[in-house]
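Hi everyone, thanks for coming. I'd like to talk through some helix packing and then the pockets. Let me put the structure up.

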Amino acid sequence: MKKLTLSDLVKAGVVAAIYVALTLVNPLSYGAVQFRISEFLNNLAPFNKRYVWALTIGCVIANLNSPLGVYDVIFGSLGTLVMTGLSYFLAKKVKSVPAKLAITVIISTLMSWSVALELYLLTDAPLWFTYLTVALGEFGACLLGAVIVWILNTRIDLSK
């Protein structure tokens with residue numbers, strides 16, 4: 001097991017803070033029709049597991065502001081943990097950066113069912129329409145993020 005360094009904590013803290021800031025400044029971060037731009041950061045998860053924890057912690061903090069309250073803090077954040085954890089583990093053996101990013105975009109988009117289910121159960125939002133709108137927003141944010149992270153990874157080794 002790799003020892004956690006101060007550098008790891010700082011990098012995770014910065015990513016969590018960026019996630020929180022981007023979520024809180026965006027009026028479309030919550031609800032049945034959402035485009036949570038901070039979700040572009042999910043594309044960091046395949047590079048290092050510290051980002052799985054950073055994104056989960058960022059989601060916990062951001063969801064403290066959610067209109068769904070404690071339910072979103074718990075279940076929304078668990079969804080992020082599962083989504084980014086799956087991306088990390090499935091991309092672990094993949095060498096190609098575009099393939100790692102594609103895995104993340106696909107998993108993030110498909111896993112948005114958990115947000116749709118939460119909204120359906122708590123607000124009576126129509127399940128399948130909500131899944132469609134949330135998945136489209138997730139796909140857009142993650143696809144944009146894949147491009148940004150791919151460019152960033154050409155300049156910085158995100159695995160370190």
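Helix H5 passes H6 in a right-handed crossing, and please keep in mind that this is a predicted model. The axes of H5 and H6 lie 8 Å apart, and the packing angle is about 140 degrees. Angles over 145 degrees would count as roughly antiparallel, so H5 and H6 are called oblique to each other.

Who touches whom here? On the H5 side you have Trp113, Val115, Ala116, Leu117, Leu119 and Tyr120, and they meet Leu127, Thr130, Tyr131 and Val134 of H6. Sorted by class, that contact has 9 nonpolar residues, 1 polar residue and no charged ones.

Now let's turn to the other pair, H2 and H3. Their axes come within 9 Å and cross at roughly 160 degrees, which makes H2 roughly antiparallel to H3. The crossing of H2 past H3 is right-handed. H2 brings Lys49, Val52, Trp53, Leu55, Thr56, Cys59, Val60 and Asn63 to the contact, while H3 brings Asp72, Val73, Gly76, Ser77, Thr80, Leu81, Thr84, Gly85 and Tyr88. And the classes? This contact of H2 with H3 counts 8 nonpolar, 7 polar and 2 charged residues.

Which residues lie nearest the centre of the largest pocket? They are Phe75, Gly76, Ser114, Val115 and Glu118, out of a lining of 33 residues. Two or more lining residues come from each of H2 (49-63), H3 (70-91), H5 (113-123) and H6 (127-155). H3 gives the largest share, with 9 residues. The space in this largest pocket is about 470 Å³, and its lining is made up of 18 nonpolar, 10 polar and 5 charged residues.

Last stop, the second largest pocket, with about 360 Å³ of space. Its lining has 16 residues, and nearest the centre are Leu4, Asn48, Lys49, Arg50 and Trp53. Here the elements giving two or more residues are H1 (6-24) and H2. By class, the lining of this second pocket has 9 nonpolar, 2 polar and 5 charged residues.

Technical notes
Residues numbered from 1 in each chain as written. Predicted model: local features only at pLDDT ≥ 70, side-chain atom pairs only at ≥ 80, totals over all residues. Heavy atoms only, no water. 1 Å grid on protein atoms, 1.4 Å probe; cavity = no way out; pocket = protein on both sides within 12 Å on 5 of 7 lines; lining within 4 Å. Points joined across faces, edges and corners; volume = space filled by probe spheres on them. Helix = DSSP H or I, 4+ residues; strand = E, 2+ residues; numbered from the N terminus. Nonpolar A, V, L, I, M, F, W, Y, C, P; charged D, E, K, R; others polar. Axes fitted to C-alpha atoms, helices over the stretch in contact; angles between N-to-C directions. Parallel < 35°, antiparallel > 145°, perpendicular 65-115°, else oblique. Left-handed = near helix turned anticlockwise from the far one by under 90°. Contact = heavy atoms within 4.5 Å.
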